[in-house]
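Hi,

Here is the model I promised to send over. Have a look at it first, and then read on for what I found.

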Amino acid sequence: MDKIFSIANMMPIIDELVGQGKSVEIMPHGESMLPTIKAGDTVTVSSADSGIKKYDVALYTRTDGSAILHRVCAVLDDGYAMAGDAQSYLEYPVKREQIVAVVTKVVRDGKVMYEREKRNILMLFFRDIRLWRAEFLLYAYPFYKKYIRKYIRRTKG
């Protein structure tokens, strides 16, 4: 009989195994990484010691302790901006210490759907178009903050 464990509860074990240079297979749930990762897919994660690049999919822990698999949308000086493929908002900042591993392979129904070294750049480009607005707001907000506040006050009042 197979036992099902929460990935968040298994993070210390995953962290230890990945730290020893081993790969770990997990079966995530949720819809934030559709279409790259679906519930029931087998996801292989490995050490992130070789470096984390834009477009990598990383396994990390949020400050509330939940385990998340999201894509790196931007590598910044103070962390990473992350988002699920099915999301249009960025989670920022995700610190390097929060990242446990990177996804190296996704298998669905016996077929390899994603490999870290063979990323489908065209698919990522079109996915990136959806995030340009979110990334623009991330970078531009400090410069346009006072104008945005004035606009909000005018429309409310």
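This is a predicted model: local features need pLDDT of at least 70, side-chain atom pairs count only at pLDDT 80 or more; totals for chains, interfaces and linings use all residues.

Numbering runs from 1 along each chain as its sequence is written, and side-chain values use heavy atoms, with hydrogens and water left out.

The accessible surface of the chain is about 10,100 Å², and carbon and sulfur atoms own 56% of that (Shrake-Rupley, 1.4 Å probe; for residues, only the protein chains shown count as cover). The chain has two helices and eight strands, in the order α-β-β-β-β-β-β-β-β-α. These are DSSP runs numbered from the N terminus: H or I of at least four residues for helices, E of at least two for strands.

Now the inside. The largest nonpolar core has 18 residues, and Ile14, Ile26, Val43, Val45, Leu59, Leu69 and Val103 have the most contacts inside it. Elements giving two or more residues to this core are α1, β1 (24–26), β2 (42–46), β3 (57–61) and β7 (99–108). A second, separate core has eleven residues, including Ala58, Val94, Ile99 and Val102. By core I mean buried Ala, Val, Leu, Ile, Met, Phe, Trp, Tyr and Cys residues joined through side-chain atoms within 4.5 Å.

Val43 is worth a click: leaving aside neighbours within four places in sequence, its contacts (heavy atoms within 4.5 Å) include Val24, Ile26, Leu69, Val103 and Val106. Val106 itself sits in strand β7 and is buried, at 0% relative accessible area. Not counting residues up to four places away, Val106 touches Thr36, Asp41, Lys111 and Tyr114, among others.

Last, the second largest pocket, with a volume of about 300 Å³. A pocket here is an open set of points on a 1 Å grid over the protein atoms alone, where a 1.4 Å probe fits, with protein on both sides within 12 Å along at least five of seven lines; lining residues have an atom within 4 Å of a point. Points are joined across faces, edges and corners, and the volume is the space filled by probe spheres set on them. There are 18 lining residues, with Pro28, His29, Ala67, Ile68 and Leu69 nearest the centre. β4 gives the most, with four residues.

Cheers

Terms used:
Buried means under 20% relative accessible area, exposed over 50%, partly exposed in between (1.4 Å probe, protein chains only).
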